[in-house]
Amino acid sequence: MAATPEKPAPAAPRRKVGRHRGEGQWALGHYTPLNGNEQFKKDDDSLNVRTRIETIYSKRGFDSIDPNDLRGRMRWWGLYTQRKAGIDGGKTAVLEPEELEDKYFMMRVRIDGGKLTTEQLRVIGEISQEYARGSADITDRQNVQMHWIRIEDVPAIWQKLEAVGLSTTEACGDCPRVIIGSPVAGIAADEIIDGSPAVDEIHSRYIGSPEFSNLPRKFKTAISGSPVQDVVHEINDIAFVGVEHPEHGPGFDLWVGGGLSTNPRLAERLGTWVPLDEVPDVWAGVVGIFRDYGYRRLRNRARLKFLMADWGPAKFRQILEDEYLKRPLLDGPAPAEPRSRWRDHIGVHQQQDGRFYVGFAPRVGRVDGSTLAKIAELAEAHGSGRVRTTVEQKMIILDVEQDRVESLSAGLEALGFQVKPSTFRRGTMACTGIEYCKLAIVETKARGASLIEELERRLPDFDEPLTININGCPNACARIQTADIGLKGQLVLDENGEQVEGYQVHLGGALGLEAGFGRKVRGLKVTSAELPDYVERVLGRFQEEREADERFATWAARASAESLS
C-alpha cells in the first residue's frame, strides 16, 4: 500500500515589509519628507517667500497667496494670519484653517536681546498707528507684535523697519527665532559677563542664512551674563548662562533641550564652560545637531527637547564635540543660584557708569503705537536714547542721570506705567489669546488686566514675589507650567452646567530657585468669572499656612488639595 503523502506544512505568515522611514533624521539618511510641513520646506526655502510677497501678493491681494506660503513660509518673515473675529473657543479645533483665519496678519518684529533705540521704538509706534490699528504687544520673548496688517502694506512696513535696523526675518517658523538676552547686558553693575557681542555675532552670521533656515521645528536661544538669570534659560532649546570659572574667569555654562508646550521639559547642562568668543561656534554646532539629527517625522516630536531626552547630555556633548566642533569643550561649573526672586529688572538700578536704568511694568504686555512713541519721547527728554524689552513683558529705559530719575518715573506714571508696581501687575503675564490667535480657546489679555485690578483692590498689602501666567490654550506661550499660578485656557462648566471660558490651574511652578513644573490638582478648574475669587482664596490660605519666609511654590508643593481648591 502506497504511503499517504504528508500534508504540506502551512506556510508561515508573510511579514509585511514596509519602507523604513525612521524619525526623518537627515544625518541617518532619511531625507524623504514625512509630512506636509517638511514637503513645503523641501520644495522651496521659506526665506524665498519674501520675493513673492513683494512682487506678487502685495500687489494682487490676500486671495492670491499660495496656501503653503500663507500658512507656512510666510512665518519665516514674521507673519501669521490672525483669528477671524467672532469665532468662539469651542470651534478652535473644529474649523479648518481657512475658516478660522481673517485676511489680516499678526506681524512680529524681531528684537534680539531686547535692544532698541528710541528711534526704533518710535518707528514701531508709527507703523502700529499707520498700519496696525494702533495695536502693539510686548511678548515674553522681547519682541513686539502688531495686528491687523494687510498684505498690501507689508513691503512698506519692511522698508520702514529696515531703515532703522530692525526686521521680521525668521521671527517665526522652523528656524532660529529671536535670541533673547539680558536686557541690561553691558549695563548692569553686577553683571558677570556681557553676552551681547555673542548675540550680535550669531545674528550677523546666521539669521537669514539658508544654513539653518530649514530646521525640524522652531529653535529658541537665550544668552545672559546676569546673576539674576533673566532669560528663563531653563526652557530654551539652547542657553548660555553666565558663570565664573575658577581658572579661566567669566564665561558661559551651556544648557540644551528645554521647552514647554504640551510636553514640558527643563534644559540640561552639558557641563561645559564656553568663553564669549566661542559662543557663536558652539551655538552653530548645537543648531547643526538639531538640523541633522532632529526628528522630522512627527511635528509634535520635532523639538530638540525630544532628542535630548533620548540621547542624554553626555551623548549630546560627545556628538557636539566630535562631529561639529572637532574639539573637546572645557568642563565648567554650574551657575550660582539667582540673586533675586524677581528677574525682570523693574525699578531703579545703578549702571556700571554711575547712571541709572529704570524698569517699568505695562499690564500683561499690552501697549499701543501711540504710547510706544510717547515712551521714546519721554526717554529722550530725560537723556536716554536706549530702551529695552524683557522676557516678562516689561520695558526698561537706560542711561538716566540720577537727578532725572524721579521726573522720568513720574512721566511713566502719567502714561499708566509703574516703576514700583504691585506684585500682581509685576508678576502677571498673558499670551495673545482668542482676540487674535487661531489656536486660542479663551480670552487672556483683558482677563489678565482685570485680574490685576481686582487683586490690587482686594489684596493691597500682598507683597510676596508671585507670578500669574495666563494662556489661551495648552501650548504654553505664557509659560503656565513655570508660574506660581499657571492658568491654561479651556472651556469649563459653570454652576448652571453651561459651557463657559475658564482655566485649568497649575500651582507652584518655578524657574531659577528650585526650577520645576507646577502641580495639577485633579479636577481643579475655574471659570473666568470666578478667577479673582479663586486667586484671593488660595493666596489667603498661603498666608495662613506658610512657614517663615516660605515661597508660594514651596507651599503649593506640600499643601493639601483642599487648600489649593
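Trainee: What is the strand order in the open sheet of six strands?

Mentor: A strand here is a DSSP run of E with at least two residues, and a helix is a run of H or I with at least four, both numbered from the N terminus. Two strands pair if DSSP finds at least two bridges between them. This sheet has mixed pairing, in the order β6-β7-β8-β9-β10-β11.

Trainee: And which are the edge strands?

Mentor: Look for strands that pair on one side only. Those are β6 (176-181) and β11 (330-331). Before going on, note that this is a predicted model: local features need pLDDT of at least 70, side-chain atom pairs count only at pLDDT 80 or more, and totals for chains, interfaces and linings use all residues. Also, residues are numbered from 1 along each chain as its sequence is written, and side-chain values use heavy atoms, with hydrogens and water left out. So much for the ground rules; the edge strands again are β6 and β11.

Trainee: In β11, what is the bridge partner of Thr272?

Mentor: Strand β10 (residues 268-274) runs antiparallel to β11, and two bridges join them. The β11 residue bridged to Thr272 is Asp331.

Trainee: Are the residues of β4 (residues 135-138) buried or exposed?

Mentor: Ser135 and Asp137 point one way from this strand, while Ala136 and Ile138 point the other way. Buried means under 20% relative accessible area, exposed over 50% and partly exposed in between, with a 1.4 Å probe and protein chains only. On either side of β4, these residues are buried.

Trainee: How far apart are the C-alpha atoms of Trp148 and Tyr436?

Mentor: Trp148 belongs to β5 (residues 144-149). Contact means heavy atoms within 4.5 Å, and, beyond four places in sequence, Trp148 touches residues including Tyr104, Phe105, Ser135 and Tyr436. Trp148 and Tyr436 are 288 residues apart along the chain, yet their C-alpha atoms are separated by 9.2 Å.

Trainee: How many residues are in the largest nonpolar core?

Mentor: Such a core is a set of buried Ala, Val, Leu, Ile, Met, Phe, Trp, Tyr and Cys residues joined through side-chain atoms within 4.5 Å. Ile53, Met74, Phe105, Ile124, Ile397 and Leu412 have the most contacts inside the largest one, whose residue count is 54.

Trainee: How much space lies in the largest cavity?

Mentor: On a 1 Å grid over the protein atoms alone, a cavity is a set of points where a 1.4 Å probe fits but cannot get out, and lining residues have an atom within 4 Å of a point. Points join across faces, edges and corners, and the volume is the space filled by probe spheres set on them. The whole structure has three cavities of 30 Å³ or more. The largest holds about 440 Å³.

Trainee: Which residues are the closest to its centre?

Mentor: The lining of the largest cavity has 27 residues. The closest to the centre are Arg341, Arg343, Thr467, Asp484 and Leu511.

How values were computed: On a 1 Å grid over the protein atoms alone, a cavity is a set of points where a 1.4 Å probe fits but cannot get out, and a pocket is an open set with protein on both sides within 12 Å along at least five of seven lines; lining residues have an atom within 4 Å of a point.
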